[in-house]
Amino acid sequence: MAIQIVSIILSALLTENFVMVKFLGICPFLGVSKKVETAVGMGMAVTFVMALASAFTWIVNRFLLIPFDLLYLQTIVFILIIAGLVQFVEMFMKKSMPSLYSALGIYLPLITTNCAVLGVTLLNVQNYPDSFIYSLLYGIFAALGFTLAIVLMAGIRENLDEDAVPESFRGFPIALITAGLMAIAFMGFSGFSI
Amino acid sequence: MPDEKKTVSSVFVNGLLKENPTFVQLLGMCPTLAVTTSLKNGLGMGLSATAVLICSNILISLLRKLIPDKVRIAAYIVIIAAFVTMIDMSLKAFLPDLASSLGLFIPLIVVNCIILARAEAFASKNSPVLSAADGLGMGLGFTGALCIISAIREFLGAGTVWGIALYGTHIAPATIVIMAPGGFIVLGLLIGTINFIAAKRKGDK
């Protein structure tokens, strides 16, 4: 049990990092990584949504889809749950954390189409269909892995603006190449798997 | 092109080249990077996304006057998810090898930004015929881009194209190109090169 938990945490956070190894959530990773502050905010919002989504989709899958033999509806049901959750988080933040709400702006509704969120729910029902705790843990730590990658990237990109990058490589291309170099670094973690 | 009259062919070419979803609009990056490890995967992913895009564009265009404005995004997502589920099931039934190598990324077509972006920007404002042309153009533009990237990565990273070995065992292929870092770097270099050529062309005119 304890070893299983440590292994889930390590793989979700580092060895199978969602952005760097699994290529999930690339759009926000490249789109919202220009400033460290917004990157942290985005990471937190995604973590919140992914944790809630992991919990809700596990419950719906276990107690609705499996007993009624409706597994083929998984994709549709999960994306609706996620869209609903994002709407809920948006309303909640508007009331209780207006400063963070305005800082995230347009990116908040876009979490619905972040493939990391739908990806984690689909991976959970594949890998941990029987364990609520493992699903929730995987959701939370995969999201923290996303946050780690996007914050590191934002730190690099803030400095990149002042460097002499060739004109045609400014912006997106150099960001992709930077991400590639980061991915090489993340490959170094692959020995950690238990 | 707000003033030009939209014809089926202009809409099609627009999607295929001028506003290529991958190289110009930079949409749908996750599948672009994740499945382009071999030409077969790239083509399979591109064609699956194209099929979903055409179907969802036509249906959304037909329903554009019925869907209330406030819930339109949710409605679009449900329509797209329904088509993706159909594609997912047919791939599993008819092309099980492809389905298993694309894996998670088939259901993830639902959240491919290209499809939602075309629904919102084009299909919700235009006739079903034009929307179908737009879906076909954008879809093939996406497929073409995936094929280029995956051919380069397969050639450099595995020494093969479409599974056929091109250089013998004398030269070891650079495996890193088909691993995660290679995806980022190849795409970055490609977009940079395209920007460079585009800038050159503009300078010549």
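**View 1. Glu16(A) and its salt-bridge partner in chain A.** Glu16(A) is partly exposed, since its relative accessible area comes to 34%. In this predicted model, the side chain of Glu16(A) meets that of Lys22(A) in a salt bridge, with 3.1 Å from N to O. Lys22(A) is likewise to be read as partly exposed, at a relative accessibility of 24%. As background to this view and to some of the later ones, side chains of opposite charge can pair when their charged atoms come close. Over all chains, the structure holds five salt bridges.

**View 2. Ser135(A) within helix α8 of chain A.** The helix in this view covers residues 132–160 of chain A, and Ser135(A) is found in it. With a relative accessible area of 0%, Ser135(A) is classed as buried, because the class takes in values under 20%. Which residues surround this serine, once its neighbours within four places in sequence are left aside? Ser135(A) is then in contact with Ser54(A), Trp58(A), Asn124(A) and Tyr128(A). For Tyr128(A) the atoms can be named on both sides, as the side chain of Ser135(A) reaches the backbone oxygen of Tyr128(A) at 3.3 Å.

View 3. Chain B is built from eight helices and two strands, and, read from the N terminus on, its elements follow the order α-α-α-α-α-α-α-β-β-α. Taken along the principal axes, the C-alpha atoms of chain B fill a box of roughly 60 × 50 × 25 Å. Of the 205 residues in chain B, buried ones make up 48%. Where contacts in chain B join residues at least 6 apart in sequence, 74% of them link residues that are at least 24 apart.

**View 4. Arg72(B) and the charged residues around it.** Arg72(B) lies in helix α4 of chain B, and, with a relative accessible area of 24%, it is partly exposed. A salt bridge links Arg72(B) to Asp69(B), the closest N and O atoms being 3.9 Å apart, and this distance still counts because the cut-off for a salt bridge is 4 Å. Asp69(B) itself is exposed, at 58% relative accessibility. When the neighbours within four places in sequence are left aside, Arg72(B) is in contact with Ile67(B) and Glu120(B). The view also takes in Ala119(B), which is 47 residues away from Arg72(B) along the chain, while the C-alpha atoms of the two are separated by 9.8 Å.

View 5. Asp88(B) and Lys92(B) both belong to helix α4 of chain B, where they lie four residues apart, about one turn of the helix. Their side chains meet in a salt bridge, at 3.6 Å from N to O. Are the two partners buried or exposed? Asp88(B) counts as buried at 14% relative accessibility, whereas Lys92(B) counts as exposed at 56%. Elsewhere in chain B, salt bridges that share partners join Asp69(B), Arg72(B) and Glu120(B) into one network.

**View 6. The interface of chain B and chain A.** The size of an interface is often given as the accessible area lost when the parts come together. Here chain B and chain A bury about 3000 Å² between them, and 88% of this area is on carbon and sulfur atoms. How many salt bridges does the rule find across this interface? It finds zero, and it finds one residue pair in polar contact, with both residues at pLDDT 80 or more. On the side of chain B that touches chain A, the elements that give two or more residues are α2 (29–34), α4 (72–94), α6 (113–123) and α8 (180–204) of chain B. Of these, α8(B) gives the most, with twelve residues. By type, the residues on this side of chain B divide into 28 nonpolar, five polar and no charged. In all, the contact takes 33 residues from chain B and 34 residues from chain A.

Conventions: Residues are numbered from 1 along each chain as its sequence is written. Chains are lettered from A and ligands numbered from 1 in the order in which they are written. This is a predicted model: local features need pLDDT of at least 70, side-chain atom pairs count only at pLDDT 80 or more; totals for chains, interfaces and linings use all residues. Side-chain values use heavy atoms; hydrogens and water are left out. Contact means heavy atoms within 4.5 Å. Buried area is the accessible area (1.4 Å probe) that two parts lose on being put together, summed over both. A polar contact is a pair of N or O atoms within 3.5 Å; within protein, one must be able to donate a hydrogen and the other to accept it, and residues adjacent in sequence count only if both atoms are side-chain atoms. Ala, Val, Leu, Ile, Met, Phe, Trp, Tyr, Cys and Pro count as nonpolar, Asp, Glu, Lys and Arg as charged, and the others, Gly among them, as polar. Buried means under 20% relative accessible area, exposed over 50%, partly exposed in between (1.4 Å probe, protein chains only).
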